[in-house]
Amino acid sequence: MIDALKQLLGGGSDLPDETTVAVGLLLEVIRMDDDFDAAERAAVARTLSRRFGMSESEAGRMVVEATAKPRTTYDDNQLLKSVNQHFSLEQKTALVEMLWEIALADGELHRFENHAILAIANQLGMGQAELNATQATAKARLAA
């Protein structure tokens, strides 16, 4: 998993599995505000655990290992093009819901996080109604 994430963030051309794509995009969005604290790390781990059926400790280790690496530039346009080609509508919707959930986990939506999610959703072909629905689902999940 971490090797696939390294390839993804390092600019590898093959599309990794859904978990790797989710981790990569979640970490890129959450790092937008340069305030990636323990609460946000725990939120990422909970989200990954729930979505992909892994233990929270396994997800937490994955987050710690991935965040220990320096930020790298990767071609997100190419990644999202591949996501569009290979992911189902349900997978894309779940991915954007996870991005909202993580961005909102600290109780504040930073403008850079918002911009990144809007750009990703746009590249995945989501309209405003779908975008609003994914954000509402994420807010409801956080409130539960």
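Modeller: Gladly. Keep in mind that this is a predicted model. Let us start with a single residue. At 31% relative accessibility, Arg141 counts as partly exposed.

Biologist: Which residue forms a salt bridge with Arg141, with the closest N and O atoms 3.6 Å apart?

Modeller: That partner is Glu97. A salt bridge needs a side-chain nitrogen of Lys or Arg within 4 Å of a carboxyl oxygen of Asp or Glu. Arg141 and Glu97 come to 3.6 Å between their closest N and O atoms. Now look at where they sit. Arg141 is in helix 8 (residues 128-143) and Glu97 is in helix 6, so the pair links distant parts of the chain, 44 residues apart.

Biologist: Is Glu97 buried or exposed?

Modeller: Buried means under 20% relative accessible area. Glu97 has 14% relative accessibility, so Glu97 counts as buried.

Biologist: How many salt bridges does a search of the whole structure find?

Modeller: The search finds 3. One of them joins Arg50 to Glu101, with the closest N and O atoms 2.7 Å apart. Arg50 lies in helix 3 (residues 38-52) and Glu101 in helix 6, so this pair ties together parts that are 51 residues apart in sequence.

Biologist: How accessible are Arg50 and Glu101?

Modeller: Arg50 is partly exposed, with a relative accessible area of 40%. Glu101 is at 6% and counts as buried.

Biologist: Which side chain meets Glu101 in a salt bridge of 3.3 Å, N to O?

Modeller: The side chain of Arg141 does. Here Glu101 in helix 6 and Arg141 in helix 8 are 40 residues apart, and the pair links distant parts of the chain. Salt bridges with shared partners join Arg50, Glu97, Glu101 and Arg141 into one network.

Biologist: Helix 6 keeps turning up. How do I check its length, and how many of its residues are buried?

Modeller: Take 1.5 Å a residue. The 16 residues of helix 6 (residues 89-104) should then span 22 Å. The end C-alpha atoms of helix 6 are 23 Å apart, which agrees. As for burial, 12 of the 16 residues are buried, so helix 6 is largely enclosed by the rest of the structure. Among them are Lys92, Trp100 and Leu104.

Biologist: What about helix 2?

Modeller: Run the check again. Helix 2 (residues 18-30) has 13 residues and reaches 18 Å from its first C-alpha to its last, close to the 18 Å expected. Of its 13 residues, 13 are buried, so helix 2 is largely enclosed by the rest of the structure.

Biologist: How do I describe two helices that pack together?

Modeller: Two packed helices are described by the angle between their axes and the distance between the axes. Helix 2 passes helix 3 in a right-handed crossing. The contact includes Ala22, Leu26 and Ile30 of helix 2, and Val44, Leu48 and Phe52 of helix 3.

Notes
Residues are numbered from 1 along each chain as its sequence is written. This is a predicted model: local features need pLDDT of at least 70, side-chain atom pairs count only at pLDDT 80 or more; totals for chains, interfaces and linings use all residues. Side-chain values use heavy atoms; hydrogens and water are left out. Helices (H or I, at least four residues) and strands (E, at least two) are DSSP runs, numbered from the N terminus. The expected span of a helix is 1.5 Å times one less than its number of residues. Buried means under 20% relative accessible area, exposed over 50%, partly exposed in between (1.4 Å probe, protein chains only). A crossing is left-handed if the near helix is turned anticlockwise from the far one by less than a right angle, and right-handed if clockwise. Contact means heavy atoms within 4.5 Å.
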